Amino acid sequence: MIEAGDWDRLKDAEALAQKAAEAALAVTYEADEAFEASVMLTDDAQIRELNRTWRDKDKPTNVLSFPAPEQPGAAGPRHLGDIALAYETLVRESEEESKELAHHFAHLIVHGVLHLLGYDHEVEAEADIMEGLEVKALATLGIADPYRDMAA
């Protein structure tokens with residue numbers, strides 16, 4: 001769902017989001033179960049509002065994830081939750097970090113899906129696990145390790 005932002009600049013965003021989500025599921029060994037998630041493509045203003053409302057952080061961010069509660073016995077694919085991405089932040093980070101826009105987008109989708117699956121990065125040990133899964137998922141899409149240059 002495109003809510004706001006100049007998302008036309010990113011061609012085939014829906015197909016790329018699907019591939020990135022599937023890559024995240026595959027590296028977590030969750031790929032055998034049917035899942036679905038909602039992805040909202042928006043702008044900094046709207047994601048700032050979401051961030052303020054749900055996280056008490058009055059600033060825009062690149063991606064937010066909202067895990068859905070499990071619905072035991074529900075028919076159909078399991079709804080993991082919702083992911084929201086901010087266009088301006090995505091573009092700015094891509095330019096600052098010299099990353100292809102599509103690659104950074106895929107990374108944020110993978111990151112968001114991992115959050116929906118319960119992974120986190122607040123504690124260093126958990127961050128190492130989550131980052132390792134991200135790198136592995138992105139490699140299946142032909143995308144280089146996004147943390148490699150940041151460690152230098």
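Trainee: Why does phenylalanine 66 count as partly exposed?
Mentor: Its relative accessibility is 23%. Buried means under 20% and exposed means over 50%, so phenylalanine 66 falls in between and counts as partly exposed. Keep in mind that the model is predicted.

Trainee: And why does tryptophan 54 count as exposed?
Mentor: Tryptophan 54 has 61% relative accessibility. The cut-off for exposed is over 50%, therefore the label applies.

Trainee: How many aromatic pairs does a search of the whole structure find?
Mentor: Three. One of them joins tryptophan 54 and phenylalanine 66.

Trainee: What makes the pair of tryptophan 54 and phenylalanine 66 edge-to-face?
Mentor: The ring centres are 6.2 Å apart and the planes stand at 70°. Centres must lie within 6.5 Å for a pair, and planes over 60 degrees apart count as edge-to-face.

Trainee: Which residues do ring pairs link into a cluster?
Mentor: Trp7, Tyr87 and Phe105.

Trainee: What is the strand order of the open sheet?
Mentor: The order is E1-E3-E2, with three strands and mixed pairing.

Trainee: What makes strand E1 (35-42) and E2 edge strands?
Mentor: Each of them pairs on one side only. On average, neighbouring strands of this sheet are turned by 20° against each other, direction ignored.

Trainee: How do you know that E2 and strand E3 (residues 78-86) pair?
Mentor: Five bridges join E2 to E3. Pairing requires at least two bridges, so these strands pair. They run antiparallel, and leucine 64 has alanine 84 in E3 as its bridge partner.

Trainee: Which helix lies across E1, E2 and E3?
Mentor: Helix H4 (residues 101-116), running at about 140° to E3.

Trainee: Why does methionine 130 count as buried?
Mentor: Methionine 130, in helix H5 (residues 124-140), has 0% relative accessibility. Buried means under 20%, so the label holds.

Trainee: Which residues does methionine 130 touch, not counting those up to four places away in sequence?
Mentor: Methionine 130 touches His111, Leu114, His115, Tyr119, Asp120 and His121. Its C-alpha atom is separated by 9.9 Å from that of glycine 118, twelve residues apart along the chain.

How values were computed: Residues are numbered from 1 along each chain as its sequence is written. This is a predicted model: local features need pLDDT of at least 70, side-chain atom pairs count only at pLDDT 80 or more; totals for chains, interfaces and linings use all residues. Side-chain values use heavy atoms; hydrogens and water are left out. Rings of Phe, Tyr and Trp (its six-membered ring) pair if their centres lie within 6.5 Å; planes under 30 degrees apart count as stacked, over 60 as edge-to-face and the rest as tilted. Buried means under 20% relative accessible area, exposed over 50%, partly exposed in between (1.4 Å probe, protein chains only). Helices (H or I, at least four residues) and strands (E, at least two) are DSSP runs, numbered from the N terminus. Contact means heavy atoms within 4.5 Å. Axes are lines fitted to C-alpha atoms, for helices over the stretch in contact, and angles run from 0 to 180 degrees between N-to-C directions.
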